[in-house]
Amino acid sequence: MTTTAILKLQPAPEPLAVKFFDAGGTVFHRHTCSNGPHAWDCSSPYCTSLQADCPDHGGDEPVKIGREPWKR
Ligand SMILES: [Zn+2]
Ligand SMILES: [Zn+2]
């Protein structure tokens with residue numbers, strides 16, 4: 001087990017691969033991280049702002065489906 005970046009790299013052939021956060025959802029939206037800035041996709045249905053920094057750059061991790069803190 002090694003600690004790596006939270007965001008995964010899209011296995012896309014496009015030159016500008018966009019990292020994404022897998023929150024368990026099927027519908028992705030695109031955030032803009034202020035570090036870069038760069039885009040990152042995310043599948044959490046609970047996001048309220050698309051201007052959020054990505055978890056790799058100090059932003060909060062989006063809430064994952066099935067791991068909602070308010071359901072504990
Ligand atoms: Zn999101
Ligand atoms: Zn970032």
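Of the 72 residues in the chain, 14% are buried (20 or more other C-beta atoms within 10 Å of the residue's own, with C-beta atoms placed from the backbone; exposed means 12 or fewer, and partly exposed lies in between). This is a predicted model, in which local features need pLDDT of at least 70 and side-chain atom pairs count only at pLDDT 80 or more, while totals for chains, interfaces and linings use all residues. Residues are numbered from 1 along each chain as its sequence is written, and chains are lettered from A and ligands numbered from 1 in the order in which they are written.

**Strands and sheet**
- The chain contains 0 helices and 4 strands (DSSP runs numbered from the N terminus: H or I of at least four residues for helices, E of at least two for strands).
- The 4 strands form an open sheet with mixed pairing, in the order 1-2-4-3; two strands pair if DSSP finds at least two bridges between them.
- Strand 1 (8-9) and strand 3 (29-33) are the edge strands, each pairing on one side only.
- Strand 1 runs antiparallel to strand 2 (residues 19-21), and 2 bridges join them.
- Lys 8 has Phe 20 in strand 2 as its bridge partner.

- Among contacts (C-beta atoms, placed from the backbone, within 7 Å) with a separation of 6 or more, 22% involve residues 24 or more positions apart.
- Ile 65 lies in the segment after strand 4 (38-42).
- Ile 65 counts as partly exposed because it has 15 C-beta neighbours inside 10 Å.
- Leaving aside residues up to four places away in sequence, Ile 65 touches Ala 23, Gly 24, Gly 25 and Pro 45.
- The C-alpha atoms of Ile 65 and Gly 24 are separated by 5.5 Å, although these residues are 41 residues apart along the chain.

Technical notes:
Two residues are in contact if their C-beta atoms, placed from the backbone, lie within 7 Å.
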